Amino acid sequence: NAVLGGAESKKESKELKKVEMTSVLGNCTLNLTNSETKNGVCKCYASIILGGADIILPDDWTVNVDGLTCILGGVDDSRSDSKKKAKNVLYLSGTVILGGIDIK
């Protein structure tokens with residue numbers, strides 16, 4: 001959670017299921033590069049208001065943003081296209097208002 005500031009979290013789990021992030025006038029960084037899911041699915045609930053969030057993922061993860069509502073904001077996946085088969089899927093849900101989420 002980041003309110004009027006910044007927050008950084010690095011998750012190292014072999015059975016990651018769910019993460020939450022909140023950013024109000026600040027920036028959150030969520031690093032999942034050393035994480036895996038038990039069944040290939042991780043859910044992330046994000047509340048981004050007048051702020052931003054960075055989510056750092058391995059190349060073999062895909063991102064589904066169907067559950068995310070963006071109002072004057074958005075999501076940018078700046079990773080290069082990987083030829084690897086996706087082992088894990090991150091389902092993003094929640095709200096982005098006047099802010100953004102960067103997938104790296």
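This is a predicted model: local features need pLDDT of at least 70, side-chain atom pairs count only at pLDDT 80 or more; totals for chains, interfaces and linings use all residues.

Me: How many helices and strands does the secondary structure of the protein contain?

Reply: There are zero helices and 10 strands. Helices (H or I, at least four residues) and strands (E, at least two) are DSSP runs, numbered from the N terminus.

Me: Which strands form the open sheet, and in what order?

Reply: The order is 1-3-5-9-7, with parallel pairing among the five strands. Strand 1 (2-3) and strand 7 (61-71) are the edge strands, since each pairs on one side only.

Me: What is the largest nonpolar core, and which residues have the most contacts inside it?

Reply: The term denotes a set of buried Ala, Val, Leu, Ile, Met, Phe, Trp, Tyr and Cys residues joined through side-chain atoms within 4.5 Å. The largest such core has 21 residues, and M21, I55, L57, W61, L90 and I101 have the most contacts inside it. Among the strands that each supply at least two residues are strand 4 (27-31), strand 9 (88-97) and strand 10 (100-103). Strand 5 gives the most, with four residues. In soluble globular proteins, nonpolar side chains tend to be buried together.

Me: Why is D54 called buried?

Reply: Buried means under 20% relative accessible area, exposed over 50%, and partly exposed in between (1.4 Å probe, protein chains only). D54 has a relative accessible area of 13%, so the label buried applies. Of the 104 residues of the protein, 37% count as buried.

Me: What makes D54 and K104 a salt bridge?

Reply: A salt bridge is a side-chain nitrogen of Lys or Arg within 4 Å of a carboxyl oxygen of Asp or Glu. The closest N and O atoms of D54 and K104 are 3.8 Å apart, so the pair qualifies. D54 lies in strand 6 and K104 in the segment after strand 10, so the pair ties together parts that are 50 residues apart in sequence. K104 is partly exposed, at 43%.

Me: How do you know that D54 and N27 form a polar contact?

Reply: The term requires a pair of N or O atoms within 3.5 Å; within protein, one must be able to donate a hydrogen and the other to accept it, and residues adjacent in sequence count only if both atoms are side-chain atoms. The side chains of D54 and N27 are joined by such a contact of 3.5 Å.

Me: Why is E20 called exposed, and which residue does E20 meet in a salt bridge?

Reply: E20 has 57% relative accessibility and therefore counts as exposed. The partner of E20 is K18, at 3.6 Å from N to O; K18 is also exposed, with a relative accessible area of 59%.

Terms used:
Residues are numbered from 1 along each chain as its sequence is written. Side-chain values use heavy atoms; hydrogens and water are left out. Two strands pair if DSSP finds at least two bridges between them.
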